[in-house]
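Me: I'm new to this one and would like to go through it with you step by step. Could you help me find my way around?

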Amino acid sequence: MRSRWLLALIATAVAIVAVGVYGLATAPGAVVASPSPRPGLSGETTGKPPLTLTFEPTSEPTSELPAEQTPAAGPELTTARYFAAWQTGDLSSMNGLVADPPADFAERHRRFDAELRVSSLSLNPGELRRQGEETAEVPFQGVREVAGLGRWTFSSVLRLGLRAGAWKVLWTPETLHPSLKDGGSLRLRETQVRRPTTLTREGLPFPRDSRAGDYLTGLGGTAVLLSLEEASSGRVLLTSPPPPSTGTGTGTRTTISRSVQAAAARALDGLGQPAAIVAVDVETRQVRAVADTLGAKQAFNGLYPPGSTFKVVTAAALLRTGLTPESPVACPATYTIPNARSFTDADGADHGTVTLTTAFALSCNTTFVQHAYERLRDDRLRAEAADRFGFREKPGLSSCRIRPSADLNELGSDAIGQNSAQASPLCMAEVAAAVASGVWKPAIMTAEPPADSPPPVPLDDGVATGLRTMMSAVVTQGTAAQAGLPPDTAGKTGTAEVGGAKSHAWFIGYRGPLAFAVFVQNGGAGGAVAAPIAARFLKAL
């Protein structure tokens, strides 16, 4: 009988407290406190869900209690008051229910919520367990809403003890959260993660310091990744999902390969002169990398004398006239066009009679000037460059040009990539790709060529085969033999003279599925400067 009225008294007391502070809603076997919006721990309205406290009586309670029986309030009432106050952020009431609260009790709660960005709290107490006449505990589940992270669930225990005839909360920091036990702490960590809107062809962010920013927008976007961690152990309790584009993402994909772009960008690290590396896919001509420190999109649009890399075009025209890679040709130190100017070789040596392949590998200016004079007059050299290698005005990404020679001096200079012959690095990468595939096509940065794209131009089989033989010899026995290029690389060096300044350094070539051009503005000799950069690029793939 006593237990029945005791339970009834407890339920009635809890209801009175709830009505006085928060408003009362009753249901069989439960007391529900539904607070109105109140100032939260940070001084703002919390908007927290109602606290539900459930008690299971052994039988129907009765409100008829003997007048002489007035038992002291039990731990249930203290529990109900504490959870209701905590739910609404009533720190003063909470403090009054705690036995020997620390001086900074309220401040600890405020700081906890502020530092961890807690915006709301809901609590769900479990069954009260007596542990003797003077102690009890209530396990409970809690859900905190953390800004930027969402729901944070936790479990803890509210411990109570009888002090001076009244039940009090035996508060410790782990009442707030178990991770605070024994001096532990929690922290909210912010990590900047890349969230670009433009991605590589694999759907990944561009490599850092990609040197491609002039060509593509949206490479440097970021987002904040939040994580809630135990400070000492680093154990992550809660984390925000990574932005989609930190892994395989849904941004706009380009034709750029992440690995090729990274290799090109790193190959230019530490270089003192402005430079560029452009790489295209041999079959599709899609641009796989553009690393440019020249500025203003000069890797695509700049016009520079290509120097001896243009001898690929001149050699193609000579092969079309009937010469072969094995044809014997003279490679003197000096050659003078009849009734015109003299031309010299860079090494100043007379190599005598050699094959056309050897002359190409040694980059004999005299050989190519002589045979241009003998075989490529009447605008044949310009036609070869314009009609079969894109040296003309045309839609597309690259820029290159050559004009009709006004005299024999201009023809000789054009034949070795000087005078009116001018090209961007991308244009020369297209030349290398044409040799590798046997077809000239313009480079693209789309899945398919644009509608106005110039049509492909097949090279004669014999011409393409001969050029491959000659470009391979440059790497195995010619001007690029000491550059450290990996096996199966074919290419052509170029040292382009610039009036009043140091020469430009070039190397163009192909290996596997890639064709490329390396250009160093005022860098010096192509074999000594550009070819080693190409080697670093290729070895990093």
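This is a predicted model: local features need pLDDT of at least 70, side-chain atom pairs count only at pLDDT 80 or more; totals for chains, interfaces and linings use all residues.

Me: Zooming out, how many helices and strands does the protein have?
Reply: There are 15 helices and 26 strands in the protein. Of its 541 residues, 50% are buried, and of the contacts between residues at least 6 apart in sequence, 64% join residues that are at least 24 apart.

Me: Now helix H6: which of its residues are buried?
Reply: In H6, which spans residues 258-267, the buried residues are Val260, Gln261, Ala263, Ala264, Ala265 and Ala267.

Me: Changing topic to aromatics, how many aromatic pairs does a search of the whole structure find?
Reply: The search finds 14 aromatic pairs. One of them joins Phe310 and Phe391 in an edge-to-face arrangement, with 5.3 Å from centre to centre and 75 degrees between the planes.

Me: Where in the chain do Phe310 and Phe391 sit?
Reply: Phe310 is in the loop between helix H7 (298-301) and helix H8 (311-320), while Phe391 is in the loop between helix H11 (380-389) and strand E20 (400-401), so that the pair links distant parts of the chain, 81 residues apart.

Me: Are Phe310 and Phe391 buried or exposed?
Reply: Both Phe310 and Phe391 are buried.

Me: Which residues form the aromatic cluster?
Reply: One aromatic cluster is formed by Tyr82, Phe83, Trp86, Phe112, Phe140, Trp152 and Phe154. Phe154 also has the charged end of Arg144 over its ring, 4.2 Å from the ring centre. Elsewhere, the charged end of Arg377 sits over the ring of Tyr373, at 4.3 Å from its centre.

Me: What about His371, where is its place, and why does it count as buried?
Reply: His371 is in helix H10, residues 365-375, and it counts as buried because its relative accessibility is 8%. Not counting residues up to four places away in sequence, His371 touches Leu318, Leu323, Val329 and Leu376.

Me: Last topic, the second largest pocket: how much space lies in it, and which residues lie nearest its centre?
Reply: The second largest pocket holds about 590 Å³ of space, and 24 residues line it, with Ser308, Asp345, Ala346, Asn365 and Thr495 lying nearest its centre. Two or more lining residues are given by each of strand E18 (342-344), strand E24 (490-498) and helix H15 (526-539), and the largest share, 4 residues, comes from E24.

Me: How do the residues of that lining divide into nonpolar, polar and charged?
Reply: The lining of the second largest pocket has 14 polar residues, 6 nonpolar and 4 charged.

Methods. Residues are numbered from 1 along each chain as its sequence is written. Side-chain values use heavy atoms; hydrogens and water are left out. Rings of Phe, Tyr and Trp (its six-membered ring) pair if their centres lie within 6.5 Å; planes under 30 degrees apart count as stacked, over 60 as edge-to-face and the rest as tilted. Buried means under 20% relative accessible area, exposed over 50%, partly exposed in between (1.4 Å probe, protein chains only). A charge sits over a ring if NZ of Lys or CZ of Arg is within 6 Å of the ring centre and within 35 degrees of the ring normal. On a 1 Å grid over the protein atoms alone, a cavity is a set of points where a 1.4 Å probe fits but cannot get out, and a pocket is an open set with protein on both sides within 12 Å along at least five of seven lines; lining residues have an atom within 4 Å of a point. Grid points are joined across faces, edges and corners, and a volume is the space filled by probe spheres set on the points. Ala, Val, Leu, Ile, Met, Phe, Trp, Tyr, Cys and Pro count as nonpolar, Asp, Glu, Lys and Arg as charged, and the others, Gly among them, as polar. Contact means heavy atoms within 4.5 Å.
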